[in-house]
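Here is a short briefing to read alongside the model. Have the viewer open, and pick out the residues as they come up.

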Amino acid sequence: MVKFLDNPRINPVVWEKEFAVDVSYRRMDLDTIAEEMSLYERLESLVKRGVKPKLTEEQKVTLARVVRQTTNIYFIATDDMSRIKIGKSSDVKKRFASIRTMSPVNLNLECHFKCHEDMEYYLHGIFSASRSHGEWFNGTADPYKVIEAAKSGGVAAVVEEIKRINVDAGDVSG
């Protein structure tokens, strides 16, 4: 099976050279993350089935940026669920093994999903009040609601859960 990023028709380096695509960085809002990840997932599905997608110039630019900025967001929790680490990595299994080796307590990889790297920024932001240290957070209910959303509905469900948490906290900027 051909990996999405290994496909030269979709690889951002190839796109930058062939299409003079600007993939410069900008912080994305949650709705844009959900929309662009949806496009990414649809196109990834087509490529995996051997379908050559026909893209508009706007879709090419969007996809090049998304591919460049897509990573895996992961949630690691202690056995007693008292601490949760929210991070990003291109290789979640390797990262988890490294963290578990250094940890004095048992850890579980609760979930991970492919998403725009800015999602980590939003997750850290909404849980900042419960930050324990670094990327570790106290195990309150909200992180577990996001984990369940990720398991059941992917990026779109995580975005909706973040918005709900923001509204509940009085922040409607989402």
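Met81 counts as partly exposed, because its relative accessibility is 32%, and partly exposed covers the range between under 20% for buried and over 50% for exposed. Please keep in mind that this is a predicted model.

**Met81 and its loop**

- You will find Met81 in the loop that lies between strand E1 (70-78) and strand E2 (83-89).
- The backbone is worth a look here: Met81 has a phi near 65 degrees, a positive value in a residue other than glycine.

**Met37 and its surroundings**

- Met37 has its place in helix H2, which covers residues 30-48.
- Which residues are in contact with Met37, leaving aside its neighbours within four places in sequence? They are Val66, Thr70, Lys114, Cys115, His116 and Val155.
- For a distance to check in your viewer, take Met37 and Thr62: their C-alpha atoms are separated by 9.9 Å, and the two residues are 25 apart along the chain.

**Helices H5 and H6**

- Helix H5 (residues 118-126) packs with helix H6 (residues 141-168) at an angle of about 55 degrees, and their axes are 11 Å apart.
- The handedness of the H5 and H6 crossing is left-handed.
- On the H5 side, the contact is made by Met119, Tyr122, Leu123 and Ile126; on the H6 side, Val146, Val155, Val158, Val159, Ile162, Ile165 and Asn166 take part.
- By residue class, this contact of H5 with H6 has ten nonpolar residues, one polar and no charged.
- Val155 of H6 belongs to this contact, and Val155 is also one of the residues in contact with Met37.

**The chain as a whole**

- The protein chain has six helices and five strands, and from the N terminus on they run α-α-α-β-β-α-β-α-β-β-α.
- How much of the protein chain counts as buried? The figure is 42% of its 174 residues.
- Among contacts in the protein chain with a separation of 6 or more, 68% come from residues 24 or more positions apart.
- The protein chain has an accessible surface of about 9,500 Å², and carbon and sulfur atoms account for 51% of that.

Conventions
Residues numbered from 1 in each chain as written. Predicted model: local features only at pLDDT ≥ 70, side-chain atom pairs only at ≥ 80, totals over all residues. Heavy atoms only, no water. Axes fitted to C-alpha atoms, helices over the stretch in contact; angles between N-to-C directions. Helix = DSSP H or I, 4+ residues; strand = E, 2+ residues; numbered from the N terminus. Left-handed = near helix turned anticlockwise from the far one by under 90°. Contact = heavy atoms within 4.5 Å. Nonpolar A, V, L, I, M, F, W, Y, C, P; charged D, E, K, R; others polar. Buried < 20%, exposed > 50% of the residue type's maximum accessible area, 1.4 Å probe, protein only. Areas by Shrake-Rupley, 256 points an atom, 1.4 Å probe, with all protein chains shown as cover.
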